[in-house]
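My entries follow in the order in which I made them.

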Amino acid sequence: MLSLMALASFPKAASAQAYARIAAIDWAMLETVMALGVTPIAATELIQFRSDAVEPAIPASVADLGLRGSPNFEYLFLLKPDLILISPFYARQRARLEGIAPVVSMPFYERGEPPYEKALLAVSALGKLLSREAEAERVLDRQARTLADLRARLVVASQTPVYVINIGDARHFRAFGSDSMFGDILVRLGLTNAWADQSKFTFAAPVPLETLASRPDARIVVVSEVPVQARTTLRNSMIWRSLEPVRKGRLHFLDNVNPYGGICAGMRFARLLAEALAPGPSAP
């Protein structure tokens, strides 16, 4: 949960004009400020964001600062931002960024903790900071209605547990537990996560495909594009083809979603998941 101490460290709430030039280093913060109807002047890795996160659509007017881990500080300085948005992932860059403009850092992902509530708190906190409280309220109301509508659509699907995975290569996958955005949204949609452990998402901790055989009653939902080199090999893999969810057609592929996103990533995942598991009219 976002602490009162963290909120107290924010710059004081200001008019939209006072923070008219915002730069977002962190993608979850980029999503959040865009959800509030504020377009930053600059952000990082925008080509990759448009491919991997997809939503929200980032206008061509937003300057690309390069890599999230090593943004172009000289370019950022020349852009003269009034405010820079980061998360604790970028703590080692904070001092240098603070030499350019005030910095706001908000935690979305903390080990072992469901992140979606933090994404909602970020909407409220940034809404207050940017004097966009009314828009923040609308965003929060809209997401609550959307989740309720999608949960109602998924009542039948909720009887079957769901693995949410990302394919690393033809023999391994990355799993999303309750401490992930995807796992958190699963619970909010009334679904059971077949992966009971914490997330195993980093490339350093891939999980063997045969692990999926431990829940033959489950569905398998593959989030984001399967690497090109893994597609044919996976299709021909005896291990993959022998998995009961694969044999029984309880296998679903979703388009790209940012696994470390904010409210927009959460809503995108919820919508795509409902479309896959309960085809029918889209939620309003």
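**Charges over rings**

I began with charged groups and found Lys80 over the face of Phe77, at 5.6 Å from the ring centre. I also noted the charged end of Arg68 over the ring of Trp27, 3.6 Å from its centre. My criterion for a charge over a ring was NZ of Lys or CZ of Arg within 6 Å of the ring centre and within 35 degrees of the ring normal.

**Basis of the entries**

This is a predicted model, in which local features need pLDDT of at least 70 and side-chain atom pairs count only at pLDDT 80 or more, while totals for chains, interfaces and linings use all residues. Residues are numbered from 1 along each chain as its sequence is written, and side-chain values use heavy atoms, with hydrogens and water left out.

**Aromatic pairs**

Rings of Phe, Tyr and Trp (its six-membered ring) pair if their centres lie within 6.5 Å; planes under 30 degrees apart count as stacked, over 60 as edge-to-face and the rest as tilted.

I looked up Phe89 and Tyr260: their ring centres are 6.0 Å apart and their planes stand at 90°, so the pair is edge-to-face. Phe89 lies in the loop between β4 (83–86) and α5 (94–98), and Tyr260 in the loop between β10 (251–254) and α12 (263–277), so the pair ties together parts 171 residues apart in sequence. Helices (H or I, at least four residues) and strands (E, at least two) are DSSP runs, numbered from the N terminus.

I then checked accessibility, where buried means under 20% relative accessible area, exposed over 50%, and partly exposed in between (1.4 Å probe, protein chains only). Phe89 is partly exposed at 49%, and Tyr260 is partly exposed at 36%. I recorded one aromatic cluster formed by Phe89, Tyr90, Tyr109 and Tyr260.

Next I took Phe173 and Trp195, an edge-to-face pair with 6.0 Å centre to centre and 85° between the planes. Phe173 belongs to strand β7 (residues 172–175) and Trp195 to the loop between α8 (181–188) and β8 (207–208), so the pair joins parts 22 residues apart in sequence. Phe173 is buried at 0%, and Trp195 is buried at 12%.

**Helix α8**

I found six of the eight residues of α8 buried, so the helix is largely enclosed by the rest of the structure. The buried residues are Met181, Phe182, Gly183, Asp184, Ile185 and Leu186. I noted that α8 is followed by Gly190, whose phi is positive, near 80°.
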